[in-house]
Amino acid sequence: MEDYMEVTNLREPKMADRVATVLRRMFIRGEIPEGTMLPPESELMERFGVSRPTLREAFRVLESESLIVIQRGVRGGARVTRPRRETLARYAGLILEYEEVTLKDVYEARMTIEMPMVVELAKKRDPAVIAELEAIVANESNLKPGSETVDQLTDFHAAVARLSGNKTLQIVADMLHHIVKTANRSLQPTEGTRAEQAVRRSAKTHRMVLELIKAGDAEKAGELWQRHLQKAEEFVLSGAEMSTVVDLLE
């Protein structure tokens with residue numbers, strides 16, 4: 001048995017939670033790498049000094065957190081996985097549904113988070129960041145109206161969050177991005193004059209913001225991005241029958 005499974009027997013209440021805590025810590029620290037199959041149940045039961053039902057309850061806790069995947073069959077077992085941001089977005093979406101959060105709230109939250117990110121990008125003027133944004137803007141110049149284009153026009157927003165350097169805000173922004181992207185798919189026109197104007201307007205604004213970032217004009221970049229997000233919210237939500245996250249995700 002590998003050294004990473006050297007643990008003392010646990011004799012405290014809520015044994016399943018304790019087992020899950022020990023294993024979770026090992027996963028996060030990299031002591032048990034992603035993709036590793038955990039030892040057989042009998043071996044883990046002996047190592048932790050717990051019963052099979054207790055061990056399986058610990059597995060259920062870890063599986064609900066997307067930290068393991070239970071594989072059935074002869075070669076089955078528990079395989080270590082890395083939690084995905086999509087999982088966070090899904091759970092957050094459920095909470096927003098129960099709280100009857102409006103789509104307007106979500107768009108306003110996105111603006112609150114993204115505008116300072118653009119300001120910071122303009123202050124730093126990182127060549128690698130600028131190069132990545134330039135590639136996205138170049139791709140947008142060839143876009144035509146359609147459902148795929150609606151998704152692609154959000155790539156610039158996602159990149160702003162990803163390149164901001166603040167991982168906590170990036171994760172929150174990703175969660176909001178997931179909901180906004182779903183709203184755009186459902187509510188934004190994908191054909192006709194209005195759709196063509198929306199594509200041109202978004203691509204043009206992204207290009208203008210990029211130029212301000214390159215110039216290091218943080219104040220103007222932030223102001224333009226704020227106006228862009230306000231206009232995007234008005235465009236998508238004006239006249240929309242859906243008003244809450246639960247309407248959107250049903």
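Helices (H or I, at least four residues) and strands (E, at least two) are DSSP runs, numbered from the N terminus. The structure is a predicted model, in which local features need pLDDT of at least 70 and side-chain atom pairs count only at pLDDT 80 or more, while totals for chains, interfaces and linings use all residues. Residues are numbered from 1 along each chain as its sequence is written, and side-chain values use heavy atoms, with hydrogens and water left out.

**Figure 1. Overview of the chain.** The chain follows the pattern α-α-α-β-β-α-α-α-α-α-α-α-α-α when read along the sequence, with twelve helices and two strands. Its radius of gyration is 23 Å, well over the 18 Å that the globule rule gives for 250 residues, so the chain is more spread out than a compact globule. That radius is taken over C-alpha atoms, and the globule rule is 2.2 Å times the number of residues to the power 0.38. The C-alpha trace spans about 65 × 40 × 35 Å along the principal axes of the chain. Of the 250 residues, 42% are buried; buried means under 20% relative accessible area, exposed over 50%, and partly exposed in between (1.4 Å probe, protein chains only). Contact means heavy atoms within 4.5 Å. Among contacts between residues at least 6 apart in sequence, 73% join residues at least 24 apart.

**Figure 2. The pairing of helix 5 with helix 11.** Helix 5 (residues 103-124) packs with helix 11 (residues 218-237) at an angle of about 160 degrees, and their axes are 8 Å apart. Axes are lines fitted to C-alpha atoms, for helices over the stretch in contact, and angles run from 0 to 180 degrees between N-to-C directions. The two helices are therefore roughly antiparallel to each other; angles under 35 degrees count as roughly parallel, over 145 as roughly antiparallel, 65 to 115 as roughly perpendicular and the rest as oblique. Their crossing is right-handed; a crossing is left-handed if the near helix is turned anticlockwise from the far one by less than a right angle, and right-handed if clockwise. Residues of helix 5 that take part include Tyr 107, Met 111, Met 115 and Val 118, and those of helix 11 include Trp 225, Leu 229 and Val 236. By class, this contact has 14 nonpolar, three polar and six charged residues. Ala, Val, Leu, Ile, Met, Phe, Trp, Tyr, Cys and Pro count as nonpolar, Asp, Glu, Lys and Arg as charged, and the others, Gly among them, as polar.

**Figure 3. Trp 225 and its surroundings.** Trp 225 lies in helix 11 and is buried, with a relative accessible area of 0%. Leaving aside neighbours within four places in sequence, Trp 225 is in contact with Glu 114, Met 115, Val 118, Phe 156, His 157, His 206 and Val 209. Phe 156 and His 157 are among the buried residues of helix 8 (residues 155-162), as are Ala 159, Val 160 and Ala 161. The buried residues of helix 8 pack against helix 5, helix 6 (127-140), helix 7 (147-152), helix 9 (167-187), helix 10 (193-215) and helix 11.

**Figure 4. The crossing of helix 5 and helix 10.** The axes of helix 5 and helix 10 come within 6 Å and cross at roughly 45 degrees, which makes helix 5 oblique to helix 10. Val 118, Leu 121 and Ala 122 of helix 5 make the contact with Val 209, Leu 212 and Ile 213 of helix 10. By class, the contact has six nonpolar, no polar and no charged residues.

**Figure 5. The crossing of helix 1 and helix 3.** Helix 1 (residues 15-29) and helix 3 (residues 52-64) have axes that come within 8 Å and cross at roughly 50 degrees. The pair is therefore oblique, and helix 1 passes helix 3 in a right-handed crossing. Among the residues that meet are Leu 23 and Phe 27 in helix 1 and Phe 59 and Leu 62 in helix 3. This contact of helix 1 with helix 3 has eleven nonpolar, one polar and three charged residues.

**Figure 6. Asp 151 in helix 7.** Asp 151 is found in helix 7 and counts as buried at 19% relative accessibility. Not counting residues up to four places away in sequence, Asp 151 touches Lys 181 and Arg 185.
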